[in-house]
Amino acid sequence: MLARRVIPCLDVANGRVVKGTKFVDLTDEGDPAELAERYAREGADEIVFLDITAAHEGRGTMLEGVRRTASRAFVPLTVGGGVRTVAEMRDVLRAGADKVSFNTAAVADPDLLTGCARKFGSQAVVCAIDARRLPTGAAGSAPAWEVVTHGGRRQTELEAVAWAIRAVELGAGELLVTSMDRDGTRSGFDTELLRAISSQVRVPVIASGGASGPDDFVAAVRDGGADAVLAASIFHRRMHSIASVKAAMAEAGLPVRIVEEAVS
Amino acid sequence: MSGSGGSGGSSGARVRVAVLDYGAANMVSISQSLVAAGANAVVAAEPSDLAGADALVVPGVGAAAPAMVHLREQGLLEPLRDWVRAGRPCLGICLGFQLFFDASDEGDAGDAPTLGLLAGRTVALQDAPTLPHIGWNSVEAVRPHPLFAGIPDGSYFYFVHSFAPVPADEGVVVARTTHGRPFVSAVASGSLYGLQFHPEKSADAGQRLLRNFLGLAAGDRPAPGDRPAAEVA
């Protein structure tokens, strides 16, 4: 049976891992290759490398960071941030990535998902969806979410569940779903959002935004239907280890890859 | 055939592994993981690149039919067959493994002839709950094999595929994995080894397996121990 995955996320700016995704008060958390190697050793099932500067001037730095990370962490590597064309995706794959994640670029140009899936296979194409809960109308009405881009700074007309379904039709082989309401709040994942999407698509859903502790990971899978769970600062800051998160998941009866590692 | 005496390294020369490059996007991970496992890895894009290699790795990319075209156009088809027929160490990974068999259903016409080094054909996974089969899944031993020495039975390895070969000779099967129905995830026949999963993406279990392969390729020399990740290209 396929294991449910635990994925540390590296938010990278100018070649360094930084804290958070709010774009303010960035603090240096270390070297991406070093952190990735540590996480792989500790049992990370995959590494997500998000270049949050995503500026074209920084392309070389970004690719070099991907290359160094892929050379030290022998687990699957997903890279996102500023990839806008099939050719740019090829460069990132050649640097050692296994998958590329598209966010703003996919909203602006949905055919990009199709072009990249045709060229590299849908297993290499991840659509990242940043969703924000809409104010509910009449009491008892179902919750709804809108897609936001540019790190949450820009609204779109897209409804998140509909966009998720469309992204899969266009070629995305996986969805990285971030709750912008929960991101950075350590108040738990938005399991309603996750369930709303995972129940409508057949591709794996990665839960993101709001992790505070091992129980949240269990809830994202059990209640949200997520196949994988992503977190950043709780791992960077060593508030929780990947092993402790996996132990909680295993105890809840979820299939996880447990590695026995010599604690150092 | 260890190196000359003298003051050099006493642990024996690194196994020289040629990694066949026939259009794969991702040669970085396989080469670097082999280096980390103790090999001296070189990328082989033409027949002359095989000279001096102790072992050959055939990685996987895309579908069977275009892969065969690439191998033929680069003049690698016959050298690869000759290598295996000579009984020299060869490891196929994912599509590289599938190519060892007679034919694959993964072609435009649903029938792509492949290398014919092992009897059997590659077919789509049966009753799979999701396709492609992507992620960490457990590999269950059918028989003990030195390729898996030191790796607990049922360990997780990383898979990305929709097809898997069905060997005609059950005797070559080393391990199976279940996704829907069980399929063959590792084979060994003499010095020819095939893996449906990606050891280069399978963390410590994958690194151990690659070290075991290098040990087998080096003959009776014990598998090299942990080595530094060495130079980054």
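1. Let's start where the two chains meet: chain A puts 23 residues into the contact, and chain B puts in 23 residues as well. On chain A, the elements giving two or more residues to the side that touches chain B are helix H2 (59–70) and helix H3 (86–94). Sorted by class, that side of chain A has 10 nonpolar, three polar and 10 charged residues. Keep in mind that this is a predicted model.

2. Now chain A as a whole. You'll find 10 helices and 12 strands in chain A. Its radius of gyration is 17 Å, close to the 18 Å that the globule rule gives for 264 residues, so chain A is as compact as a globular protein of that length. If you like a box, the C-alpha atoms of chain A fill one of roughly 55 × 45 × 40 Å along the principal axes.

3. How much of chain A is buried? Buried residues account for 54% of its 264 residues. As for contacts in chain A with a separation of 6 or more, 66% of them come from residues 24 or more positions apart.

4. Over in chain B, have a look at helix H3 (residues 77–85), where B:Pro79, B:Leu80, B:Trp83 and B:Val84 are the buried residues. Viewed down the axis of H3(B), they fall within an arc of 130°, so they line one face of the helix. B:Glu78, B:Asp82 and B:Arg85 are exposed on the other side of H3(B).

5. What covers those buried residues of H3(B)? The cover includes strands E1 (15–20), E3 (55–58), E4 (90–93) and E14 (192–195), along with helix H2 (64–73), of chain B. After H3(B) comes B:Gly87, with a positive phi near 80°.

Conventions
Residues are numbered from 1 along each chain as its sequence is written. Chains are lettered from A and ligands numbered from 1 in the order in which they are written. This is a predicted model: local features need pLDDT of at least 70, side-chain atom pairs count only at pLDDT 80 or more; totals for chains, interfaces and linings use all residues. A residue is buried if 20 or more other C-beta atoms lie within 10 Å of its own, exposed if 12 or fewer, and partly exposed in between; C-beta atoms are placed from the backbone. Helices (H or I, at least four residues) and strands (E, at least two) are DSSP runs, numbered from the N terminus. The arc is that of the directions from the helix axis to the C-beta atoms. Two residues are in contact if their C-beta atoms, placed from the backbone, lie within 7 Å. Ala, Val, Leu, Ile, Met, Phe, Trp, Tyr, Cys and Pro count as nonpolar, Asp, Glu, Lys and Arg as charged, and the others, Gly among them, as polar. The radius of gyration is taken over C-alpha atoms; the globule rule is 2.2 Å times the number of residues to the power 0.38.
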